[in-house]
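Welcome! Please take a look at the structure below, and then we will walk through a few of its helices together.

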Amino acid sequence: MKASDLLVKCLETEGVTHIFGIPGEENADVMMSLMESDIDFVLCRHEQAAAFMADVYGRLTGKAGVCLGTLGPGATNLVTGVADANMDRAPLVCLIGQAGTQRLHKESHQNMDSVSMFRPITKWAQTVHQPDNIPEIVRKAFKVAEAEKPGAVLIELPEDIAEHEATGTPIAPVKTRRPGADYKAIARAVDAIVSAKNPLILAGNGAIRKRASTQLRRLAQLTGIGVVNTFMGKGAVPRSDEHCLYTVGLQGKDHIIAALREADVIVSVGYDLVEYSPAFWNRGVEKTIVHVDFWPAEVDGDYDVAVDVQGDIADALWQINEEIERRSTQGGASLPLFDIGERQALRHTIHDDLTAERGSSHFPMRPQKVLHDVRAFMGPGDVLLSDVGAHKMWIARYYQCDEPNTCLISNGFCTMGFAFPGSLGAKIAMPDRRVLSINGDAGFFMNAQDMETAVRRKLNVVAMIWMDGAYGLIEWKQRNAFDGRHFDLSFTNPDLALWAQSYGAWGRTIEKASDLTPTLEEAFAQPGPAAIGVPIDYGENMKLSARLGKIEYPI
């Protein structure tokens, strides 16, 4: 068989069912081999969108999403999506074509060192030099991409290698058990918890992977410690749970920041520093930080870890829970160790803040009201994806979750244009769930071209576009930094309904606040994709900054 046939057989052995991408002539042999396979090739309209689809597919399934592009501009178009997956800890394998090996040593058409370009934004990047090495390279690629912490991997296949004869055999995946944490580290972590006066748990991106949230919820129940989640840790503890103290990360002042600054012990679970700098919350009372994660703690002057518990997070939390129970049954403190009732005043304060505009009929709509209505509409297991912009800050603070991986936010690499194409990957991964992307009008039209892909594939994804005709987040930050002044960041938009209809999709821009829920109902009743324009009042941005700025810290 050809090397391209062997590559496809290896992908089948890995359990790959979908590949997202755009081929070029350098991928021609691979595409012919795919025609003989059951793997579904999702033809996209931009390589960056294909990478975002694979990114989200990987986040939701735990199996590496696969994207494909050609050499040169195809490869460079993939870069942003691949970098996003890598920094947001999504397993992804990127396949790219390359010029024939007979011309790689010299200046030639579209020839560039793609592997060197991808190396800083992947966990591993490799060219196939010999056809018979393909089984080892593919197996390693998926193993590296899916190993904690997951991320992106690149395989480059030159066009002449792809058509060579190959005699290798695919290597079947073998389940790899992650190591457990050291028992001494577990004991020290429990020592810190039981001796605390005012502890909190900070749940990050890693807390929603590999069944970690089950043991995290058990830890909160056993100890009575409240749990704060990052943007990417939503759903680690359900919003209805009295231990849930909602989301941190909007800015340096918020109700929950006051509680974090008062805490003497912080148990961080799966927390990545790229999510939210510890400089914002590690202030006030001197803190003992217990770091529980797959990797050792990053070195940061504001994240001075006293106990570093490295290993499988779910197993480490299980060990901590078992040790807490063992000590309690052998004469230690009774459980729970702390009274979660003492956190309810804070929880009610935050909850009242989050629901303050639920009855608003103001139009253009206030962000708080939109998110209240969206949360009421979406089911516990439905998936919302947030793009990057001012709306992301509102979603992160106001949209709370019942289950892990039901609100996907790019907050490691923070990429505009992520949410809408990502929603296609989400729908393919989870066809029985509602999938809604919320986008700004700037970010949406960075990757709007794949509306055609959604129409062609008959995917009932709904894109909600918050319309203010400006780069709202940049304006918000400039106004905060420069006494209300900002550079002109305005632009114009097309008629959204006509734009959607031109693709064969359903589209509508609402005209009053009461239209939102019935419009969502109608959009999700369509046989294919839908777009909803929501005129938004971002005058609320500065009001929120002013309101949070008045919070007085008691320490």
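Is N321 buried or exposed? N321 is buried, with a relative accessible area of 0% (buried means under 20% relative accessible area, exposed over 50% and partly exposed in between, with a 1.4 Å probe and protein chains only). This is a predicted model, in which local features need pLDDT of at least 70 and side-chain atom pairs count only at pLDDT 80 or more, while totals for chains, interfaces and linings use all residues. Residues are numbered from 1 along each chain as its sequence is written, and side-chain values use heavy atoms, with hydrogens and water left out.

**Around N321**
- N321 sits in helix 12, residues 313-329 (helices are DSSP runs of H or I with at least four residues, strands are runs of E with at least two, and both are numbered from the N terminus).
- Leaving aside residues up to four places away in sequence, N321 touches Q215, R218, L219 and L222 (contact means heavy atoms within 4.5 Å).

**Helix 8 meets helix 12**
- Residues of helix 8, including I186, V190 and I193, meet residues of helix 12, among them A316, I320 and I324.
- By class, this contact of helix 8 with helix 12 has nine nonpolar, one polar and three charged residues (Ala, Val, Leu, Ile, Met, Phe, Trp, Tyr, Cys and Pro count as nonpolar, Asp, Glu, Lys and Arg as charged, and the others, Gly among them, as polar).

**Helix 21**
- In helix 21 (residues 516-524), the buried residues include L516, L520 and F524.
- The buried residues of helix 21 pack against helix 14 (367-377) and several strands, including strand 15 (435-440) and strand 18 (530-535).
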